[in-house]
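Welcome, and please open the model in your viewer. We will go from one selection to the next and look at what is there.

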Amino acid sequence: MTPLELTGSLGIVGYGLGAIGPGIGVGLIFAAVIEGTARQPEARGAMLSTAFIGFALTEALAIIGIALAFVFG
Amino acid sequence: MSGWTGMVPMEGFEAPGVESFDFPPLFPGVPGLEWFNRYMLQALVAFGLVAVFWLVMARKNAMVPSKGQFVGEAAYSFIRNTLGRDMIGHDFRKYLPLLIALFSFILVNNLWGVFPLTLLPTASHVGWAYGLTALVWVLYNAIGIRKFGFGGYLRHATVPPGVPTWMYPLIIPLEFLSNILVRPLTLSLRLFANMFAGHLLVLVFVLGGEYLLLESEPIVNKVAGVFSLIFSMAIFGLEIFVQILQAYIFTVLTAQYISSATAEEH
């Protein structure tokens with residue numbers, strides 16, 4: 001085996017790299033929800049609805065990653 | 001030390017993968033029905049259920065609503081207020097049947113993934129996601145073109161107001177790519193990938209747990225199999241949540257795209 005040679009499933013490595021961004025993004029979204037709820041508890045319902053929409057949009061990238069990791073080997 | 005064997009490769013275990021989603025036609029002998037597999041059957045039953053539900057809902061208008069009428073009216077007014085009126089604006093009634101139909105159809109098709117008799121979400125076959133997205137894409141572009149004319153719609157979609165002229169060569173290709181080419185891709189792939197990955201996750205935990213528990217020897221594996229099967233129920237609950245959420249997200253984004261295609265300049 002030559003040094004620095006990657007064997008195995010490159011798709012899963014790609015998915016792992018691609019899940020960094022959405023992981024940070026989802027964390028930021030819900031951090032904002034928690035802080036906003038701490039400042040103004042009455043706004044919790046509206047904030048949570050927007051948070052779920054934002055969560056689905058951000059999570060889409062990670063989910064596309066895992067799906068394409070299977071499709072492309 | 002007979003129970004502990006360290007890392008044992010799992011011979012005889014077929015990991016679930018893309019092949020788990022290939023389903024043969026339901027009537028293999030009949031010559032005209034090669035397209036009729038499990039996905040098509042589920043989608044047709046979903047179509048029937050949704051059509052019957054909303055037709056019945058439109059007829060029975062008792063003053064004091066029964067439980068079924070209450071659920072139907074709650075769903076209808078939720079879509080009408082949150083998506084139609086707040087997102088699209090003042091002529092949202094034209095698009096309300098589309099939003100209601102999209103939400104109901106995608107919800108029922110997603111929930112086939114947790115329904116005991118089927119256990120397969122229809123959108124885990126990518127063609128279903130592509131078809132729904134093609135409808136939405138043609139629709140929101142046609143709505144914009146009908147309102148602004150072809151050139152006017154392209155200008156409206158690619159040039160945000162207030163951008164200085166020297167940025168046009170940068171902004172126009174980027175916005176064109178993002179609004180007209182990438183939107184259908186992400187809309188369809190989001191629905192498909194969520195259903196595909198969710199179903200695959202359930203398959204991994206259940207099939208893996210069953211293999212570990214019943215078909216492998218070491219006691220460590222059997223205990224791990226029990227935990228895997230228990231955890232698969234938690235994943236199942238997550239799947240229910242994700243399926244309902246994805247149906248809602250598809251409808252929300254459709255309303256958003258229609259709204260941004262018809263938005264007036266301030």
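Two residues are in contact here if their C-beta atoms, placed from the backbone, lie within 7 Å. Helices (H or I, at least four residues) and strands (E, at least two) are DSSP runs, numbered from the N terminus. The model is a predicted one: local features need pLDDT of at least 70, side-chain atom pairs count only at pLDDT 80 or more, and totals for chains, interfaces and linings use all residues. Residues are numbered from 1 along each chain as its sequence is written, while chains are lettered from A and ligands numbered from 1 in the order in which they are written.

**Stop one: chain A**

Select chain A, which has three helices and zero strands. Its C-alpha trace spans about 60 × 25 × 10 Å along the principal axes. Of the 73 residues, 14% count as buried, that is, with 20 or more other C-beta atoms within 10 Å of their own; 12 or fewer is exposed, and in between is partly exposed, with C-beta atoms placed from the backbone.

Now pick A:Phe30, in helix 2 (residues 20-39) of chain A. A:Phe30 counts as partly exposed because it has 14 C-beta neighbours inside 10 Å.

**Stop two: where the chains meet**

Show both chains: 10 residues of chain A are in contact with 14 residues of chain B. On the chain A side, the touching residues are 10 nonpolar, no polar and no charged. Ala, Val, Leu, Ile, Met, Phe, Trp, Tyr, Cys and Pro count as nonpolar, Asp, Glu, Lys and Arg as charged, and the others, Gly among them, as polar.

Next, select helix 3 (residues 44-71) of chain A and helix 6 (residues 168-215) of chain B, whose axes come within 8 Å and cross at roughly 65°. Axes are lines fitted to C-alpha atoms, for helices over the stretch in contact, and angles run from 0 to 180 degrees between N-to-C directions. Which residues of helix 3 of chain A meet helix 6 of chain B? They are A:Ala60, A:Ile63, A:Ile64, A:Ile66 and A:Ala67, and their partners include B:Leu189, B:Arg190 and B:Phe196.

**Stop three: within chain B**

Finally, select helix 2 (residues 67-88) and helix 3 (residues 96-111) of chain B, with axes that come within 10 Å and cross at roughly 120°. Among the residues making this contact are B:Tyr76 and B:Leu83 of helix 2 of chain B and B:Phe103 of helix 3 of chain B.
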